[in-house]
Amino acid sequence: MASHSESIIREPLITGDNITYAQITNDVLRPVENMPGRAWWIGFTIASLGASLWVFAVSWTFWYGIGEWGLNKTVGWAWDITGFVWWVGIGHAGTLISAILLLFRQNWRNSINRSAEAMTIFAVICAATYVVSHMGRPWLAYWPLPLPNQFGSIWVNFNSPLVWDVFAISTYFSVSLVFWYTGLLPDLASIRDRATGIRQKIYSVMSFGWTGSVKTWQRFETVCLILAGISTPLVLSVHTIVSMDFATSLEPGWHTTIFPPYFVAGAIFSGFAMVQTLLLVTRKVLGLENYITMFHIEAMNKIILLTGSIVGVAYLTEFFIAYYSGNEYERYTFLNRFIGPYWWAGCMMYGCNVLMTQLMWFKSVRRNIPISWVLSIVVNIGMWFERFVIIVVSLHRDFLPSSWAMFHPTWVDMSVFIGSIGLFFTMFLLFIRVLPSIAMGEVKLILKSTSEQAKKKLLAHGDLDPEQVKYYKDSLVKFDSVEIADYQKV
Amino acid sequence: MDSNKKYWKGLEELDQTTEFVELNKHEFAEPIPIEDVLTGGGLMGKTPRRDFLKALGFGVGAVSLAACQPVPVHKSMPYLIKPEEITPGVANFYVSTYEGQAILVKTREGRPIKVEGNPNDLIGKGGLSARAQASVLDLYDINRLKNPVKNNGDYGWEQLDNFIKDELTAIKAGGKNIRLITSTITSPSTLAVIADFITAFPTAKHINYDAVSYTGIIQGNQNSFGKAVLPHYSFDNADVIVSFGADFLGTWISPVEFIRQYVQTRNNKSLEAKKMSRHIHFETGLSVTGSNADARIPIKPSEEGPALISLYNAISGKTLPGDASLTNNKVAANAIALAAKELVAAKGKALVIAGSNDVATQILVNAINSLLGSYGTTIDLDNPSHQFAGNDSEFTEFVAEMNRGEVDAVFFLDANPVYDYYKSKDVVSGLKKVRLSVSFSDHNDETANICTAVAPNHHYLESWGDDNALEGYYTILQPTINPVYDTRQAEHSLLVWSGSAAKDYYTYVRNNWDQKLLTIGGLTGQKGWETLLQTGFIKAAPKAAGSYSFTYALDSVSQKILDHSKALAAASGSVEFALYQTVALRDGKRANNPWLQELPDPVSKVTWDNYANVSPSDMKKWGYEDGDAVKIEANGYSITIPVLSQPGQAQGTISLAVGYGRTISGPVGDNVGKNTFPLYSLRNGTLQTSGVATLKPTGDNWPLAQTQTHHSIEGRNSIIKEATFKEYVKNPAARSGEEEDHKDYDLFWQKYEHPTYNWVMAIDLNACTGCGACVVACSAENNVPVVGKDEVRRRREMHWIRIDRYYSFDDNGDGGKTEEHEIANLDNFDNVRVVYQPMLCQHCDHAPCETVCPVLATVHSSEGLNHMAYNRCVGTRYCANNCPYKVRRFNWFNYWNDARFENYIQNDHTVLVLNPDVVTRFRGVMEKCSMCIQRIQAGKLKAKIEKRPLKDGDVKVACQQTCPANAIVMGDANDPNSEVSKALKSDRTYYVLEELGTQPGVGYQVKVRNITETEA
């Protein structure tokens, strides 16, 4: 494990002195094996209050009807589908990190994939609740599934993007869940091995009898690779299909061929921002700074910058095409984002997503933890507004001016949305208490002890390019907390 | 031959083995272990008892669980003895009369569910107003009085009769006055009953009192020609119509008839003959009529008189004083000059009318019409209208009489002066001095509430009677249901109280017809009566038109007009106001009808409210926003009412609707809007609708419930297409886009086959006046729920058909300021042009809604219809989002069973109005226009039973059926000779948003305006 000699220009992925396998296990399992601290309880109380609000607001909607939301004859979707797309988008980072980055052998993903995948699953759960609760008759939510039935030969409409959506989301959810759980097996076994009593029994069942033999590890890695292969197209397909909910319609502002790539980029953009938001706090609170290092933070910020810029290009393309098409409805819809009654939503969308992320061109911004955290939240505010603008601002003024209307959210709209955030955090906070928030097994793969010795040896040898040596030493200063003196000597 | 054959069951029998022989001795070859069961442990074992208890437990549990499910009990009672004429599931139609119009009442299993125009009716030719369509709902109004009332307590009919008879005897002995106050009665039989009553009580007098009266016209004709009549107008004979504030397409005298006449010179047939009338309109607030005019000039109420004087002078060449006073309004002065020129050119085919109730004004109008030769061509004094006979001064005198203590008994029939008389307090104080006051109101209303007794009248659908709205046109009213409540027809009550010999009112009506009326129509006896009950009306030959010369001296008339005008001209700091009626509520008598309350005003699109219309320029000047509550003071009366920015409103004026602000009408109508009747004033013996008021902002904002809040088409020419008459004559297809090359994208799409029928629709934008009758007809036919003011505010009205109304502004004669940003920069909102567009499901052949529904709840039929399967709908609302026409309506709540909507339709009585052929929709389900599929099916079935192919016209959808303008035509496009196929072949036909490729099934015909070059 990482006992190979590494190139001198590879930055250390785990920092700190004397990090051993045991140390990793101890560090990662600290929250799982000890009673939670005050910070956790405060967070959990707030989050579960939010989740209760969600239960209340959704029950209210089910009892009285969708009329309790602010929707009207013109705006048939608003905060519901905005929330749905927002959550599905957030869910994207997890799979991207766990699957695509695995295939590309981006080892730095090992420290963040567990939390990111958990986040994916919780986000998709939040999204799925919207799918059901936005229906007029939620008790018939199973009808869009192609189930054999006794209603005669009634089938679903395979032309409808909503049916594709059902397939896409359910596939995505189940594959993500399996992938995540498979990855958890060795770590669950570690907990099992250290636990006693009832906890041991529970983790024993959950770890599926993991033995840790070489064969088990070998099969584990194979399964992970296969699942990564299966998940990779899903990263692209899910949001592609979500985007088709809009792109296949003829609503100006929706009817756009650029939507699939634009939505996927946006999804990764918002997903990474959410990972950033969560991990910047988690690493601090759980004391995981050595595993989630400045290198990770900067890497994720770079991805946010890249995808944010892709989204920006997509916005420009949309505007250009709206102008170039000569279609008066399309033109009006895009102008309306700035000069219409919802101009502030348009400003939030373009400002947060495009302008603010451009700050990340500056290294000092990318490496500044408070700024990164604020920006990651700004990104998700912007992405929420993006969906709001696409959905509500397109719908509220479409073809026939006689039907133009404004959308005013009610307390139920807001409660369902705020509540879904509470639900998400409730699940996330429970997760970090009962499951290892960092994939221990995988982090141990990139432990630096041996590679570091090799590097030191190389340095001692002295025939390295001095520029590379300097680069490495700089990276140590940047990311690591080791005594640079150790390296200066050689 | 006998057979000796012997059959054996097996080799064992053939061989007769010992084993076989042994076994064959027993009944069963193998022994049955009965003994073992009965004697062994079977019954004694431990398990059976436990099993029994388990089974018992499970059984009881399962049964009680099953019993927890409430099974709704629906009582459906079959006919014990089925009435001969009723087949369950098949509608019966009966002729009857609504406000003088011959109608057909559709009944199902003995209950009226819809009112339709009688196709032979002389007034509407099958067309009916929104109010007539809504009238059936009043029948089932749960707030009607259910029995007689005395001193606000329930009472019995016999006791009431005894009480009133005793009182009347005593009053008769006392010799004081008895007064019968009614709104105009056109029924000959009712008038006969009243005459009988007066014979029995000689001190009695009948006074016609109309809340909105036409005394001015009647008196004007009396003064001009010695005939105190409301003339009958023929707009179809007029090439040039000039109207001064007469809203003849909305509320003036007989709007259904006038719409029918008016469009005859403007519809497709007329246009194809290259003929179109010209309509110039001067008014204060924008009315339906003004919005349809070719030229509309806003004038202040104070400018109306001078304008008429100028017009008279321009036509006659004389100079009445006051000509100069129009100098303040250059536009109006120019328009008057132009109108005069056009009127003179169209002499004999011209018509000038005024909505004013001022006698002097009407005399001047008569003078102008006389000069134009309108009498005998467009105005008929010999076959007049009887629709309004109210006499303002008689009623005013009656109020004075009461207050002087000269009246001992008063009866109110269809009259509610405590609400709608401008000096309500005088009526109340007078009534206190009256010994016996009786109201015949079927509701507890403001007047009934302070009367001694209420003898509730039948609803008209429960009544016998007749009507004579136009001279020589007699219609019959017959009941279509047994009285729903313990009510009695007012005529019957009067007969009883006057001690008449007639057994009941039916006999009385019958005798009246047998003796006087049947012969007019050439009918006699029982047979004649039966014929009448099938045709619904008789028509006498019209009386020959006499010739009328106008000789009245005009000097004093013009002086009176000018005095009036000067009194109106607002001093600075105050505004002139004009009162008007809304198309839906009119005088407010039927304010408790939710269909009418929720019908958007044709022009403002406001529901459930009245408001002060203010010109957008004044809104800017005075710093108001829509909905700002202002305090309006006039005549010592003040109300607080929201303002609405209304383009076309004359600057410096406001318009206020009467008919709102009822306080005792029922839960629907109470406290909706504000009562503006007290703003009336009496001048020269007639009630005047204009005056001077002051406006003060209150700082509150009361949002109005508007169904349309964006008013311009943003230059989107594929939605509305317009042409001027000149352009049209030059090239009929000029603006429909018919001549442009169409790209055909059909290539990509599967084409739907329509092997039998292809139901399509044609809507003529030039015929539609925007009156809204179709909206109510559709609601009645299709059980469209009423949602109430709050829900309309949230933009959730459920109407399947709506009438979109767009404004454009004419700037320097280019006619085309339609975009928001252009309009925002306008200074002058006077030159507003209006277009109405009925919008309903377009039944697209490539329907965007169909492809996106995940569960196939909305699908295409082989007859070109877009179906909606409510039971399959899960309510994702994607279809509505994807509908470019935004015609789909979602059931946000369970409108049929949600306590929050209980004011409206869901009670045991009112649900009886529902059409049993159309299901009500549950919460969470999408709905929309079905092209009245139940009517299509009924038509097809009828044709099938009669073994014939379906004929064009067999199926008429509800909106089409009621349209007084015949603007909507629906039918089979596969039949090249159908009316709709012909209509769609018109050069003016275009399809809304055609370029989207949705292939709509509803074609519209270009709006044509008869605009001349000379006007600025």
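Leu145 of chain A sits in the loop between α5 (113-133) and α6 of that chain. Helices here are DSSP runs of H or I with at least four residues, strands are runs of E with at least two, and both are numbered from the N terminus. With 14 C-beta neighbours inside 10 Å, Leu145(A) counts as partly exposed. On that scale, a residue is buried if 20 or more other C-beta atoms lie within 10 Å of its own, exposed if 12 or fewer, and partly exposed in between, with C-beta atoms placed from the backbone. Leu145(A) lies 12 residues from Asn157(A) in sequence and 9.8 Å from Asn157(A) in space, C-alpha to C-alpha.

Before going on, some housekeeping. This is a predicted model, in which local features need pLDDT of at least 70 and side-chain atom pairs count only at pLDDT 80 or more, while totals for chains, interfaces and linings use all residues. Residues are numbered from 1 along each chain as its sequence is written, and chains are lettered from A and ligands numbered from 1 in the order in which they are written.

Staying with chain A, the domain assignment gives domain 1 (34-146 + 155-294 + 407-447) and domain 2 (460-490). Such bounds come from an automatic or database domain assignment. The C-alpha centres of these two domains of chain A are 40 Å apart.

Next, a helix pair in chain A. Helix α10 (residues 294-325) and helix α12 (residues 343-355) of chain A pack at an angle of about 135°, and their axes are 8 Å apart. The axes are lines fitted to C-alpha atoms, for helices over the stretch in contact, and the angles run from 0 to 180 degrees between N-to-C directions. That angle makes α10(A) oblique to α12(A). The scale is as follows: under 35 degrees is roughly parallel, over 145 roughly antiparallel, 65 to 115 roughly perpendicular, and the rest oblique. On the α10(A) side, the contact is made by Gly308(A), Val311(A), Gly312(A) and Tyr315(A). From α12(A) come Tyr350(A), Asn353(A) and Val354(A). A contact means that the C-beta atoms of two residues, placed from the backbone, lie within 7 Å. By class, this contact has four nonpolar, three polar and no charged residues. Nonpolar covers Ala, Val, Leu, Ile, Met, Phe, Trp, Tyr, Cys and Pro; charged covers Asp, Glu, Lys and Arg; the others, Gly among them, are polar.

Now the interface. How many residues of chain A are in contact with chain B? The count is 37 residues of chain A against 42 residues of chain B. On the chain A side, α6 (161-194) and α11 (328-339) each supply at least two residues. The largest share, three residues, comes from α6(A). By class, that side of chain A has 20 nonpolar, 12 polar and five charged residues.

On to chain B, which has 32 helices and 41 strands. The C-alpha trace of chain B spans about 145 × 85 × 70 Å along its principal axes. Of its 1016 residues, 56% count as buried. Domain 1 of chain B is 149-208 + 390-470 + 472-539, and domain 2 of chain B is 228-385. The centres of those two domains of chain B, taken over C-alpha atoms, are separated by 37 Å.

Chain B also has a helix pair to look at. The axes of α7 (residues 188-200) and α18 (residues 490-497) of chain B come within 9 Å and cross at roughly 20°. The two helices α7(B) and α18(B) are therefore roughly parallel to each other. Thr190(B), Val193(B), Ile194(B) and Phe197(B) in α7(B) meet Glu491(B), Leu494(B) and Leu495(B) in α18(B). That contact has five nonpolar, one polar and one charged residues. As a reminder, an α-helix has 3.6 residues a turn, so residues three or four places apart point the same way.

Is helix α9 (residues 255-263) of chain B enclosed or open? Nine of the nine residues of α9(B) are buried, so this helix is largely enclosed by the rest of the structure. Glu257(B) and Arg260(B) are among them. The buried residues of α9(B) pack against β2 (101-108) and β8 (230-233) of chain B.

Arg586(B), a residue other than glycine, has a positive phi near 50°. Arg586(B) is in the loop between β20 (575-580) and α22 (594-597) of chain B, and is buried, with 21 other C-beta atoms within 10 Å. Leu993(B) is not a glycine either, and has a positive phi of about 55°. Leu993(B) is in the loop between β39 (989-990) and β40 (1002-1005) of chain B, and is partly exposed, with 19 other C-beta atoms within 10 Å.
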